[in-house]
Amino acid sequence: MILYRPILQIFVFVFLFVLIRVILFKTGLIYSVKKWWRIIHDCFHVYQSFKVPEFNESMQENHLYKKVSLYLHSLPSMEDSDFTNLITGKKPNDIVLCLDSNQTVEDDFLGARIFWVNEQVEKSESNRRNFVLKIRKADKRRILRPYLQHIHTVADEIEQQRKRDLKLYMNVTGNNGRWRSIPFTHPSTFDTIAMESSLKSKVKSDLESFLKAKQYYNRLGRVWKRSFLLYGPSGTGKSSFVAAMANFLSYDVFDIDLSKLLNDSDLKLLLLQTTGKSIIVIEDLDRFLIEKSTAVSLSGVLNFMDGILNSCCADERIMVFTMNGKDPIDPAILRPGRVDVHIHFPLCDFSGFKALADSYLGVKDHKLFPQVEEIFLNGASLSPAEIGELMIANRCSPSRAIKSVISALQTDGDGRGNGKIGRRIGENGSRKSDSELVEPGGLFCNEGVHTVKDFRKFYGFLRMKSNRNSQSLDSGSSPKQG
Ligand SMILES: Nc1ncnc2c1ncn2[C@@H]1O[C@H](COP(=O)(O)OP(=O)(O)OP(=O)(O)O)[C@@H](O)[C@H]1O
Ligand SMILES: [Mg+2]
């Protein structure tokens, strides 16, 4: 009888509605309901799948795979997944979400629902990974292309952001083995370095295969590190190469200045404070070893090179040592295991000159090239830094730039390629005072530096400036570059 009364009916209805709502939301049953609803709904739709494999048929990396991975890991819906992995990020306090194998992530684009499955196929020895995109056939024509474009854009932005966030750490005297960091903004990439292209590709694939070899190193009982020795005369691109490696890997750089360390334990302390996914650099190691201008003992350096100190850290480390020459160095220091990859940075030859002319002057061929080639064949050579600066100084006129390189090769560069001269820029004690006389503004077009002597003054000035910068790091000056 009571139920027939309309007011009570409404009251009971509202009460039940609120009760069901509270139960659904409080218990999380709403998610199950939504899921079932979707399953039923999907029965009335036809889906189409697109696979994005990690490698193509010739086992080369599929760049789209990396972009999709970056994109998916940035989706807010990752947090709403039923199951996902939590791992530590690049910085010690970072926790990032990481897709689990066969996990499905949902995305919305222009009103269409899209599903991504992180597929892992275990085939005998090798693990194959794919992302599978599932999209309704009805939505495909409308959204597939713009959606893929959207992924490209977002992934590129994330990549840029990551690069922007890279840090250059330097050790500072009297700071108890502590690091000081500044943003790492060095623009050098493997593309901007004039070097044999096959060597560049080898280094890139060496780095990539090292990054994937964590389990392999573990199985062998080895610390997951890879050491590179970059050696060659001054101004041949060693420091630029380190920067290119960091940009390629998106790794932070820890630049250890041995002269600022007070003892071996300082070095240990510094190493223990480095984070994973980083490049640890010691520049001019030969100078420290020969001149003994550091308080760190040889065994301290060797322990560092062996990776014993790094063994407490599971994350990968790349170590890079630069030297002007490895001849005066005890071969034990450079034995395999301590240094895995040796890369020689020679003075410029004709092909290096052409690469520099292409990037600095935008000139692929020129009527003066045969003359330049002949001079190189006669054994003349200059460092890429010297040639590069002459080109920058005369960049408004490629002919004048090439002529200035020719005259520099004929005067200062004669025989350097044969090691007859081989003098390092900066060895000359009077260089600093010379360099102060040069106005950097005077380098530009028309008033350019035309001889290698002028250039050396300028280069000395840059080196001196960069030294000043690194000394005044505490006051937040720009990073040491080059
Ligand atoms: N192979 C190269 N390709 C393009 N640019 C180069 C190359 N080598 C040197 N340079 C240019 O010359 C300048 C000096 O190079 P860098 O500092 O890398 O030389 P380096 O070998 O580290 O010298 P040093 O031994 O004196 O430290 C940089 O501005 C860089 O752009
Ligand atoms: Mg250098």
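Helices (H or I, at least four residues) and strands (E, at least two) are DSSP runs, numbered from the N terminus. With that in hand, here are some notes on the structure.

1. Leu-262 sits in the loop between strand 10 and helix 8. Leu-262 is partly exposed, with 14 other C-beta atoms within 10 Å; a residue is buried if 20 or more other C-beta atoms, placed from the backbone, lie within 10 Å of its own, exposed if 12 or fewer, and partly exposed in between. The C-alpha atoms of Leu-262 and Thr-173 are separated by 8.3 Å, with the two residues 89 apart along the chain.

2. A word on the model. This is a predicted model, in which local features need pLDDT of at least 70 and side-chain atom pairs count only at pLDDT 80 or more, while totals for chains, interfaces and linings use all residues. Residues are numbered from 1 along each chain as its sequence is written, and chains are lettered from A and ligands numbered from 1 in the order in which they are written.

3. On the overall fold, the protein chain has 16 helices and 13 strands. Of its 482 residues, 27% are buried. Two residues are in contact if their C-beta atoms, placed from the backbone, lie within 7 Å. Among contacts between residues at least 6 apart in sequence, 72% join residues at least 24 apart.

4. Helix 8 (residues 264-272) has two faces to look at. Its buried residues are Asp-266, Leu-267, Leu-270 and Leu-271. Seen down the helix axis, these fall within an arc of 130 degrees, so they line one face of helix 8; the arc is that of the directions from the axis to the C-beta atoms. They pack against strand 7 (167-171), strand 8 (179-183), strand 10 (252-256) and helix 10 (298-306). Ser-265 and Leu-272 are exposed, on the face turned away from the buried side.

5. Next, the cores. A nonpolar core is a set of buried Ala, Val, Leu, Ile, Met, Phe, Trp, Tyr and Cys residues joined through C-beta atoms within 7 Å. The largest has 40 residues, and Val-242, Ala-246, Val-253, Ile-279, Val-281 and Val-320 have the most contacts inside it. Helix 7 supplies the largest share of this core, six residues. A second, separate core of 22 residues includes Met-195, Tyr-360, Ile-375 and Ile-387.

6. Nine of its 10 residues are buried, so helix 13 is largely enclosed by the rest of the structure. Among them are Pro-384, Ala-385, Glu-386 and Glu-389.

7. Finally, two backbone angles to check. Leu-110, in the loop between strand 4 (104-109) and strand 5 (112-123), has a positive phi of about 45 degrees although it is not a glycine. Ser-250, in the loop between helix 7 and strand 10, has a positive phi near 55 degrees and is likewise not a glycine.
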